[in-house]
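Trainee: I would like to go through this structure with you step by step, beginning with the whole chain and then turning to single residues.

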Amino acid sequence: MEAVLRNLAGTAELLAVAGRSGVVEQWDEQTLSRAFDWARYCEHVFTRFHNNPGMRRIMEKQLQLTNQSLQAVFPAYTDVSFSDLSQCQHLLLVGLLSNPELPSSIMKILFDSMSPANTKQSEYQGVSGLCSRIIQCKSACKVLSPLTDVSAVGADAEVQGAMLMEELAALLSQSSEACRAEHFLDSVLQGCDGAAHHFCLVIAAALLTTTNSAAQTASQDFLLDWLQRKPSELQHMCSTLPATLVIDLSKRHLKFRDAYCVVLKNWASDMEYSISDGEWVQTGTNQTSVSFQRLTEHFLALLEACPSLREGVVKELNVLKISDGDFDVRGLSVWGDLLSIINK
């Protein structure tokens, strides 16, 4: 019994360190694995003893003593109760995500454990399942604000998007951490190599996460600014995500809508008319291949969803058409052909 009490005290200390100490900067994959092992251990202890009043009282007394010691070390420390042991992995995950000192290498491990590209058996499958269950217990995880429609991006991407926002908020809460936040995003992008579509879903989920604070809004603004500095990723995102999802992002964020308009114009300017095909085709200088039909569908969906854009877009396309010679004959100006479809 003494060993169990020591382990409970040690796990409570672990939770405090994970959420409030700079020690996590030194964590590696082995440390993370051991931390979740101890968290699972405490969940088993709760399952075994929660219906035993005598044992429960002893454990509650031990936790009370440990909490008092931790309150003297960590400002604003939150007590760990016996009932909290039932969701110890959850508390560990949330603590790590809220710690601005969490290294990007650990975040990549947590992300990789959920990525569809990671087909190998992982020690963190328990973490993956835990993340997925967070969606089903939103009231217990107030730091992860849910999307209105989970099915739009998928459950895994929604949780990863919320994780992304939580880590950005933690980094940006430190006035000198903007560089670390950008490095973190770059690391996540690099870690998603080979799973570009999933990465796009995670970014979309992060940007569509409901914001309940100024810090969350600032995190989304930072992510949008970062995305605008990654034109290849932005173009891939606009071309591979479902059109409805891209439109939702455009309606939610003015910055994304403006960047989306630039992407559409770049796609059009990269096209030339193929006489043999009788259609506008991309010249091949752009990494993202989009047909003229798909391009027009993007324009029409955007203007339907954001009617206030129509006047400005039509005016700009007219200017571009005039710069091409102001021809009304099909195949002479991509801008003229776009206008003829938009104005129908």
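Mentor: Before we discuss surface, note that accessible areas here come from the Shrake-Rupley method with a 1.4 Å probe, and that this is a predicted model.

Trainee: Which residues make the nonpolar surface patch of about 280 Å²?

Mentor: One member lies in the loop between helix H15 (310-323) and helix H16 (334-342), namely Phe-327. With a relative accessible area of 41%, Phe-327 is partly exposed, and membership of a patch requires over 30%. The patch is made by Phe-327, Val-329 and Leu-332.

Trainee: Against which helices do the buried residues of H12 pack?

Mentor: Helix H12 covers residues 243-252, and its residues Leu-245, Val-246, Ile-247, Leu-249 and Ser-250 are buried. These buried residues of H12 pack against helix H9 (196-208), helix H11 (231-240), helix H13 (254-269) and helix H14 (292-305).

Trainee: Arg-257 is buried yet has no salt bridge, so which side chain of opposite charge is nearest, and how far away is it?

Mentor: Arg-257 is found in helix H13, and, leaving aside its neighbours within four places in sequence, Arg-257 is in contact with Ser-250, Leu-302, Cys-306, Ser-308 and Leu-309. A salt bridge needs a side-chain nitrogen of Lys or Arg within 4 Å of a carboxyl oxygen of Asp or Glu. For Arg-257 the nearest side chain of opposite charge is Asp-258, at 4.5 Å.

Trainee: How many disulfides does a search of the whole structure find?

Mentor: A disulfide calls for a pair of cysteine sulfur atoms within 2.5 Å, and the search of the whole structure finds 0.

Trainee: Which cysteine sulfur is nearest to that of Cys-42?

Mentor: Cys-42 is buried, with a relative accessible area of 0%. Cys-42 is in no disulfide, and the nearest cysteine sulfur, 4.6 Å away, is that of Cys-88.

Note on methods
Residues are numbered from 1 along each chain as its sequence is written. This is a predicted model: local features need pLDDT of at least 70, side-chain atom pairs count only at pLDDT 80 or more; totals for chains, interfaces and linings use all residues. Side-chain values use heavy atoms; hydrogens and water are left out. Patches are made of residues with over 30% relative accessible area and no salt bridge: like charges are joined within 9 Å, nonpolar side chains (Val, Leu, Ile, Met, Phe, Trp, Tyr) within 5 Å. Helices (H or I, at least four residues) and strands (E, at least two) are DSSP runs, numbered from the N terminus. Buried means under 20% relative accessible area, exposed over 50%, partly exposed in between (1.4 Å probe, protein chains only). Contact means heavy atoms within 4.5 Å. Lys and Arg count as positive and Asp and Glu as negative; His and the chain ends are not counted.
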